[in-house]
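Take a look at the structure below. We will walk through it one region at a time.

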Amino acid sequence: MADAQVLRQCMVEGLAERGELDERWRAAFTEVPRHVFVPELVWHQDRGFQGDCDLVPLRRAEDPQRWLELAYANTSVITQVDDGHPTGENGRGFEVSSSASMPAVVAQMLTALDAEPGMRVLEIGTGTGYNAALLAHRLGAPHVVSMEIDATVAEHAQDALAAVGYGALRVITGDGAQGYPPAAPYDRVISTAAAAEVPYSWVAQTTPGGLVLTPWGTAYYPGGLLALSVGTDGTATGKIVGSASFMWLRAQRIPRYTIGQIMRDHDAAAGSTTDLHPWYVTNDAHAATAIGLRVPGCQKFYHPHSPDTGTLYLADQHHRCWATVHITPEPPYEVRQYGHRKLWDDVETAYHWWKDTGKPTVNAWTFTITPSEHRIELC
Ligand SMILES: C[S@@+](CC[C@H](N)C(=O)[O-])C[C@H]1O[C@@H](n2cnc3c(N)ncnc32)[C@H](O)[C@@H]1O
C-alpha cells in the first residue's frame, strides 16, 4: 500500500512527464500535501446509476486507501454536493458544488498566472484550499487572499491551511465576484470558478500591468481559460489561452438538469430534418465557442445509443425551449424543436456563420472588460 508521500511523488512525476508541470511550481506540488486539503467525505460519479442523484459518497474511514489514492489521482475530487445538503438518498448528490480541481488543470492555471514571489494574489473559489496553499508556498502566505462563498467550505480550507503552516493566508467568506477591496490592489487575480461575465471588480482591484485569469464559457461551451491584462486606463483586454472546465460562480450558475426535466410537451414539438451531422456543432471547440456566443443560453448534451447512433439534446432552461437531433448512420437526421426559440435552427445557422467567417479559432476572440462593457469580438 502506497503512502501519501509516495503517491504525491507519483502525481508530481506524472505531471512532469506529460509536460504539465512548470519547473517553477515543482517544489510546491512536491511539498504541499494535497490529502490534508481533501475532506474526510468526498463523492464520486456512478455513471451506471439509473436515478438522478449519481454522485455517491465515499468516507475516508470506509476505505482509507481508496480515499488516499483519490486525493493524489490526476482527477478532480468532489468535496461538496448540492451546496452541502445532498438531495439524494443515503447522502447521494445531484450537482457538484465544490471540488478540488484536477492537478493538471491546477498546474496549467498556475503557469498561465505567471505569478512570481513577492506578488500579491487574490484567489476566487478557495474550495479545499489546495491551490491557495500552492500559491502560499511560492509567494508567501501573507501575499495571498482567497475568497470562498460557502462558509463551511471556507472553514475547512482555513483549518487545512493552518495545519500545513499557512495560517497567515487570509480566507475570506464572501462573494468573490465583488473581489476583496481591503487588500487590493493585487498583481494577479485567479478565479477557480467559471465566469460567463467577468466581474469588473476583479479588473478594478488589479494593479495596471497585472493579470486576471479565469475559466470562461458560455452555456453551450463552458471550456475556455481566459487571461486578461489590465491597462493603465482601468480596462482589461485578453484572449482564451487554454481550456478549463469549472463550476460557475454561484450567481452565474447554470443548474444541472435531467432530460426528463427539460423534455416536456413532446407532442407539441415541431418536426423537421437536417443533413448537418451534430458532431460538427459539438466536437470542435472553435465552432462551439462561436455557437455559444451566437446562441446564448443554449446548453447541449449528447446521449449515445450505439457507436454511430444517439441523440443530441439542446435546451434553454430559462425559456423552456428544447430540441433534439437523432443521429442515425446516414442523413437526413430527424429534428424536433419545442418553444419559441428553435434551438437547432439557431445552432445550425451559427455553425454556418462560423464556417463562412473563416472558422475563427478560440483565441481569435478578443475580450474587453470596462466598467460599463463586457465585449467579445473577433479581432
Ligand atoms: C472548483 S472549486 C475551487 C477549487 C479550489 N481552488 C481548490 O484548490 O480546491 C470552486 C469553488 O468556488 C466556490 N465559489 C463559487 N462561486 C463563488 C463566489 N461567487 N465567490 C467565492 N467562491 C465561489 C465554490 O463554492 C467552490 O468551492
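A crossing of two helices is left-handed if the near helix is turned anticlockwise from the far one by less than a right angle, and right-handed if clockwise. Helices (H or I, at least four residues) and strands (E, at least two) are DSSP runs, numbered from the N terminus. This is a predicted model, where local features need pLDDT of at least 70 and side-chain atom pairs count only at pLDDT 80 or more, while totals for chains, interfaces and linings use all residues. Residues are numbered from 1 along each chain as its sequence is written, and side-chain values use heavy atoms, with hydrogens and water left out.

Start with α11 and α12. Their crossing is right-handed. Two packed helices are described by the angle between their axes and the distance between the axes. Axes are lines fitted to C-alpha atoms, for helices over the stretch in contact, and angles run from 0 to 180 degrees between N-to-C directions. For α11 (residues 285-294) and α12 (residues 343-356), the axes come within 9 Å and cross at roughly 125°. Angles under 35 degrees count as roughly parallel, over 145 as roughly antiparallel, 65 to 115 as roughly perpendicular and the rest as oblique. α11 and α12 are therefore oblique to each other.

Which residues of α11 and α12 meet? Contact means heavy atoms within 4.5 Å. From α11 come His286, Ala287, Ala290, Ile291 and Arg294; they meet Val347, Ala350, Tyr351, Trp353 and Trp354 of α12. By class, this contact has eight nonpolar residues, one polar and one charged. Here Ala, Val, Leu, Ile, Met, Phe, Trp, Tyr, Cys and Pro count as nonpolar, Asp, Glu, Lys and Arg as charged, and the others, Gly among them, as polar.

Now turn to α5 (residues 103-113) and α6 (residues 130-139). Their axes come within 11 Å and cross at roughly 45°. α5 and α6 are therefore oblique to each other. Their crossing is right-handed. In α5, Val106, Leu110 and Leu113 meet Asn131, Leu134 and Leu135 of α6. Five of these residues are nonpolar, one is polar and none is charged.

Next comes a loop. Met119 lies between α5 and β5 (121-124). It touches Asp114, Leu139, His143, Asp187 and Arg188, not counting residues up to four places away in sequence. Met119 and Arg188 are 69 residues apart along the chain, yet 7.5 Å separates their C-alpha atoms.

Finish at the ligand. A ligand oxygen atom is 2.6 Å from an N or O atom in the side chain of Thr128. A ligand nitrogen atom is 3.0 Å from an N or O atom in the side chain of Thr192.

Key. A polar contact is a pair of N or O atoms within 3.5 Å; within protein, one must be able to donate a hydrogen and the other to accept it, and residues adjacent in sequence count only if both atoms are side-chain atoms.
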